[in-house]
Amino acid sequence: MQFTDRAHAAKLLSNKLKKFAHDPKGIVLAIPRGGVELGAVLADELQLSLDVVVSKKICAPGNPEFAIGSVNMRGEVVLNTDDLGTTPAKEYIDTEVARVKQAIQEKLRTLRGTRPFPDLKGKHVIVVDDGIATGSTMKGALEYVRAERPDVLIMAVPVAPVGARDQFDPWCDEILILSEEPSLGSVGAFYNDFPQVEDSRAKQLLTTRWLSA
């Protein structure tokens, strides 16, 4: 499946999530930055508030494009080194985790300032991104949200690799993937228009859609 842009993908997702429209317990959590552009449209279509959940990948040694795990907002580490065939040295992982933790805090300050994170206990949470490649950042985000004890946790993405449902099933109550691809090298390849989303744009989208309660 090919999407025109993130707004197009979000509207297609919203059509599958109509049962959550105007849900007083509903909230959309987007993974920055591209996920915020998509999440804003989804939140508008469903008339839900929007916020972010930040998770960042741990890069493989010598290959910044390949993720071997992720760190979430609580500082929890999810590692997946199976594809490497060997586990990187502890010193490398510790250094990389420290770097990622700092980057997460900087991203939160940039996008949210000192605003307290919403209470997710008992909520119906939709975690959204513009696509999944390795799945590392999504795993970190879902682990964070699940520990906050929502009543329902939904993962919603336009595109993901075949087999992603099994990969994320332990964290989710519902999984929505519009297009499951046997070969997914780049998420952007499935969009006709896939510009980089700047922090200033993500912050603008968030500040008009904060949880009002």
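Predicted model: local features only at pLDDT ≥ 70, side-chain atom pairs only at ≥ 80, totals over all residues.

Reader: Why is the pair of Phe 3 and Tyr 191 called tilted?
Author: The planes of the two rings, Phe 3 and Tyr 191, stand at 40°, so the pair is tilted, with the centres 5.4 Å apart.

Reader: Where in the chain do Phe 3 and Tyr 191 lie?
Author: Phe 3 is in the segment before helix 1 (6-16), and Tyr 191 is in the loop between strand 8 (174-181) and helix 6 (199-207); the pair links distant parts of the chain, 188 residues apart. Helices (H or I, at least four residues) and strands (E, at least two) are DSSP runs, numbered from the N terminus.

Reader: Are Phe 3 and Tyr 191 buried or exposed?
Author: Phe 3 is buried at 0% relative accessibility, and Tyr 191 is buried at 4%. Buried means under 20% relative accessible area, exposed over 50%, and partly exposed in between (1.4 Å probe, protein chains only).

Reader: What does Tyr 191 form with Phe 194?
Author: Tyr 191 and Phe 194 form a tilted aromatic pair, 4.9 Å centre to centre with 35° between the planes. Phe 194 is partly exposed, at 30% relative accessible area.

Reader: Which charged end sits over the ring of Phe 194?
Author: That of Arg 6, 4.1 Å from the ring centre. The rule requires NZ of Lys or CZ of Arg within 6 Å of the ring centre and within 35 degrees of the ring normal.

Reader: Changing topic, how much space lies in the largest pocket?
Author: The largest pocket holds about 930 Å³. Its lining has 34 residues, and those closest to the centre are Pro 32, Lys 57, Asp 129, Asp 130 and Thr 137. On a 1 Å grid over the protein atoms alone, a pocket is an open set of points with protein on both sides within 12 Å along at least five of seven lines, a cavity is a set where a 1.4 Å probe fits but cannot get out, and lining residues have an atom within 4 Å of a point. Grid points are joined across faces, edges and corners, and a volume is the space filled by probe spheres set on the points.

Reader: What lines the largest cavity?
Author: Pro 32, Val 54, Ser 55, Lys 56 and Lys 107 line the largest cavity, whose volume is about 30 Å³.

Reader: Is Pro 116 buried or exposed?
Author: Pro 116 is exposed, with a relative accessible area of 65%.

Reader: Finally, how many residues of strand 8 are buried?
Author: Six of the eight are buried, so strand 8 is largely enclosed by the rest of the structure. Ala 156 stands opposite Leu 176 in strand 8.

Definitions and conventions. Residues numbered from 1 in each chain as written. Heavy atoms only, no water. Phe/Tyr/Trp six-rings, centres within 6.5 Å; stacked < 30°, edge-to-face > 60°. Pairing = 2+ DSSP bridges.
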